[in-house]
Amino acid sequence: MMIKKGVVLCLLIAMLSLVFFGCGNTVKQNSVVKVMSYNLWGNLEIESIQNTTDTVDVAPQNRIAGVCDMLNGESIDVVGLQEVNNGWYELIKDALLDTYEHIDAVKKDGVGWMILYRKDKFELVDNGQFWLATDAPGTETEDWGTNMARTCIWALLKVKETGDCFLFLNTHLDTATELCRINQAEVVADQIFELRQLFKTYYDIENCPTVLVGDMNSSSGTTPYNILTKDLKDSRTNSTGKTLDNMFYSTSPGLNYVAEGSDYIANGFVIDHILVTDNVTVLNYDMIHTSTNLCPYGAYLSDHNAVEAEISFSNS
C-alpha cells in the first residue's frame, strides 16, 4: 500500500508539473511595447523663440543628437515621424539605423514620413502605404483642396519574444481646411478596416491590434478626430496608468522659453495623437516638452512636443 501511494503521489506531481511548466501550457504573457508620435519640424531657418527676444538655428543637424537621445532615453520601441524632410532623412539613417530599422515614404518635393522600429525586438511581416486621396491607396494626388499630397505608411510587426503581431500606422493630416481633414480621416479609417481584414485572411490574425499615430491637425471633439476615434480609442483618455489632462498641455505650442515647468503652454491644443483599437491596453501616456528650453534631451528640438504611450496586447 505504501508503494502504491508513492506511485500515485509521483504521478500527481508529474501531472501538475506538466500543467504549470511544460508542453506549452504556461500562461502566455502579453506583449508590452512603447510607441511614440513625433513631428520633427522640417524647418531649416533661424527661428524666434516665444517669451524672449532670442533666436535659434533649427537646422536638422543641430537637433538630430537630441532626437536620438530622446528615443534612447525614453526607451522607444516604435516611433512614427512626420515632416522627415529638408535634410532629416539622411541624418536619421546615419544616427539611428544601428538600433532601428526604418520604413519611409518620400514625396516628389522631398517631404517624408518614417516609421522606426527596434531591430532587436521586432520582425517586419508586411508594410506599405496609401495616399490620402479619393483613389486610395492610389497615387500621389492632391484632392479636396489639400495644400500638398499626403500619405499614411504602415508596418505589420511581429514581437520576436512573444510572436504577437500588431499594425502600426503613421500619418499627417492636412492644414488647409476642415473638409480636407474630414475626407483624409475617412480614408485612414477605411484603409485601417481593409488592412485588418486582409491580415485576417492572409496571416490568420483575428482582430489585429492596431496603433495609429500622427499629427492630425485636429484636436479632440473635431469631426476628423471623431471619425478616427469611432473605431479607435485615444491612448491619452484611456490610459490605465499615467496620463495628461487635455486642458493642461499642448502638443503644438511653437518654440517657447519657459523659466520653469509651470510656465509650459497649457491651452489644450492637442493635435498629435496615439490611437489604438479596443484590444490594446494603454498602460501609460506621457508627453515630452521638446519645444522648450527645458527639454531634458536638448532645447528646442521641434515646434511640436513628442507624445508616447506604453501599450500591451496579445493575439491570443
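User: Where is Thr229 found?

Analyst: Thr229 is in the loop between helix H5 (223–228) and strand E11. Helices (H or I, at least four residues) and strands (E, at least two) are DSSP runs, numbered from the N terminus. This is a predicted model, in which local features need pLDDT of at least 70 and side-chain atom pairs count only at pLDDT 80 or more, while totals for chains, interfaces and linings use all residues. Residues are numbered from 1 along each chain as its sequence is written, and side-chain values use heavy atoms, with hydrogens and water left out.

User: What does the side chain of Thr229 reach?

Analyst: A polar contact is a pair of N or O atoms within 3.5 Å; within protein, one must be able to donate a hydrogen and the other to accept it, and residues adjacent in sequence count only if both atoms are side-chain atoms. Here the Thr229 side chain reaches the backbone oxygen of Tyr225 at 2.8 Å.

User: How are two packed helices described?

Analyst: By the angle between their axes and the distance between the axes. Axes are lines fitted to C-alpha atoms, for helices over the stretch in contact, and angles run from 0 to 180 degrees between N-to-C directions. For H2 and helix H3 (residues 88–96), the axes come within 10 Å and cross at roughly 50°. H2 and H3 are therefore oblique to each other; angles under 35 degrees count as roughly parallel, over 145 as roughly antiparallel, 65 to 115 as roughly perpendicular and the rest as oblique.

User: Which residues make the contact between H2 and H3?

Analyst: Contact means heavy atoms within 4.5 Å. From H2 come Ile64, Val67, Cys68 and Leu71; from H3 come Trp88, Leu91, Ile92, Ala95 and Leu96. As a general point, an α-helix has 3.6 residues a turn, so residues three or four places apart point the same way.

User: Which residues of H2 are buried?

Analyst: Buried means under 20% relative accessible area, exposed over 50%, partly exposed in between (1.4 Å probe, protein chains only). In helix H2 (residues 64–73), the buried residues are Ile64, Gly66, Val67, Cys68, Met70 and Leu71. After H2 comes Ser75, with a positive phi near 55°.

User: How many residues of strand E1 are buried?

Analyst: Seven of the nine residues in E1 (residues 31–39) are buried, so this strand is mostly covered.

User: Which strands pair with E1, parallel or antiparallel?

Analyst: Two strands pair if DSSP finds at least two bridges between them. E1 and E14 are antiparallel, over seven bridges, and Val33 has Ile311 as its bridge partner in E14. With strand E4 (residues 78–82), E1 runs parallel, joined by five bridges; there the bridge partner of Ser37 is Gly80.

User: In what order do the six strands of the open sheet come?

Analyst: The order is E7-E8-E9-E10-E12-E11, with mixed pairing. Its edge strands, E7 (122–131) and E11 (233–234), each pair on one side only. Within the sheet, E8 (residues 151–159) and E9 (residues 165–172) run antiparallel and are joined by seven bridges. Ala155 stands opposite Phe168 in E9.

User: Is Ser302 buried or exposed?

Analyst: Ser302 counts as buried because its relative accessibility is 0%. Its place is in the loop between strand E13 (281–288) and strand E14 (306–313). The side chains of Ser302 and Asp303 are joined by a polar contact of 3.4 Å. A polar atom of the Ser302 side chain also lies 3.1 Å from the backbone nitrogen of His304.
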